[in-house]
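Here is a short briefing on metal sites and charged pairs. Look at the structure first, then read the points below.

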Amino acid sequence: ANKWSKTVLTYNIRRYTSDLSSTTVDSQIDSALNVWSKASPLKFVKSKSPKADILVDFATKAHGDSYPFDGPRGTLAHAFGPGDGIGGDTHFDDAETWTTGSGGFNLFLVAAHEFGHALGLKHSRNPASLMYPTYKARNPQNVLSKEDTNKINSLYG
Ligand SMILES: CC(C)C[C@H](C(=O)NO)C(=O)N[C@@H](CC(=O)O)C(=O)NCc1ccccc1
Ligand SMILES: [Ca+2]
Ligand SMILES: [Zn+2]
Ligand SMILES: [Zn+2]
């Protein structure tokens with residue numbers, strides 16, 4: 001599927017990174033989902049069940065799908081597009097140092113990018129877009145470009 005057939009999506013955080021408190025991870029993930037719910041009709045509900053639409057996980061190297069992580073740097077995270085089962089699932093490479101600031105990799109920023117993929121967005125060629133392929137520091141108050149917003153609303157608006 002290229003998009004979810006519903007606008008209320010559940011998410012569950014299966015395992016956490018040891019770089020941050022679980023409370024901090026919860027709030028970073030919630031803020032990253034809010035980026036998209038603010039720009040579209042989408043709603044996200046935290047669930048206790050790993051059967052949630054979007055299963056968030058931190059893992060290293062081979063972790064049960066066909067895309068093993070690669071140690072520090074390189075691939076930081078990946079997400080599967082909309083669909084049942086692994087669809088929507090979002091994995092973070094725990095070989096990275098996850099931060100809430102500008103050191104290491106900012107979890108909020110990477111998560112916001114990954115959730116774009118989980119919702120059906122591909123990479124953009126526009127360096128101003130959150131969906132541009134490579135990580136760079138952005139103003140957390142304004143991470144979406146007009147293109148990002150237009151794209152999410154072309155799917156769910
Ligand atoms: C081919 C995929 C699996 C590469 C992977 C990605 O795009 N995940 O969504 C990734 O980790 N990309 C790196 C860049 C790279 O591997 O060259 C990245 O920084 N992704 C996180 C990101 C990208 C743009 C904005 C914010 C965060
Ligand atoms: Ca990596
Ligand atoms: Zn994975
Ligand atoms: Zn990406």
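**Metal sites and salt bridges**

Along the chain, the donors of the zinc ion (ligand 3) follow the spacing H-x1-D-x12-H-x12-H. Donors here are N, O and S atoms within 2.8 Å of the metal, or 3.2 Å for Na, K and Ca; water is not among the atoms, so sites may look incomplete. The model is predicted: local features need pLDDT of at least 70, side-chain atom pairs count only at pLDDT 80 or more, and totals for chains, interfaces and linings use all residues. Residues are numbered from 1 along each chain as its sequence is written, chains are lettered from A and ligands numbered from 1 in the order in which they are written, and side-chain values use heavy atoms, with hydrogens and water left out.

**Zinc site**

- His63 (NE2), Asp65 (OD), His78 (NE2) and His91 (ND1) coordinate the zinc ion (ligand 3) at 1.9 to 2.0 Å.
- Asp65 sits in the loop between β3 and β4 (77–79), and His78 in strand β4. The two are 13 residues apart, so to speak of them as a pair is to link distant parts of the chain. Helices (H or I, at least four residues) and strands (E, at least two) are DSSP runs, numbered from the N terminus.
- Asp65 and His78 are both buried. Buried means under 20% relative accessible area, exposed over 50%, partly exposed in between (1.4 Å probe, protein chains only).
- The 4 donor atoms subtend angles of 97 to 119° around the zinc ion (ligand 3), which makes the arrangement tetrahedral. Four donors count as tetrahedral if all angles lie between 85 and 135 degrees.

- Thr75 lies in the loop between β3 and β4, and Asp93 in strand β5 (residues 90–93). This pair links parts of the chain 18 residues apart.
- Thr75 is partly exposed, at 36% relative accessible area. Asp93 is buried, at 0%.
- Six donors count as octahedral if opposite donors are over 155 degrees apart and all others between 65 and 115.
- Ideal angles are 109.5 degrees for four tetrahedral donors, and 90 or 180 degrees for six octahedral ones.

**Salt bridges**

- The structure holds 4 salt bridges. Each is a side-chain nitrogen of Lys or Arg within 4 Å of a carboxyl oxygen of Asp or Glu.
- One of them joins Lys6 and Asp53, with the closest N and O atoms 2.8 Å apart. Lys6 lies in the segment before β1 (8–13) and Asp53 in the loop between β2 (43–46) and β3 (54–59), so the pair ties together parts that are 47 residues apart in sequence.
- Lys6 is partly exposed at 36% relative accessibility, whereas Asp53 is buried at 13%.
- Arg14, Arg15 and Asp57 are linked in a network of salt bridges.
- Asp57 is in strand β3 and Arg14 in the loop between β1 and α1 (22–38), 43 residues apart.
- Asp57 also pairs with Arg15, the closest N and O atoms being 2.8 Å apart. Arg15 is in the loop between β1 and α1, 42 residues from Asp57.
- Asp57 is buried, with a relative accessible area of 4%. Arg14 is partly exposed at 49%, and Arg15 is partly exposed at 36%.
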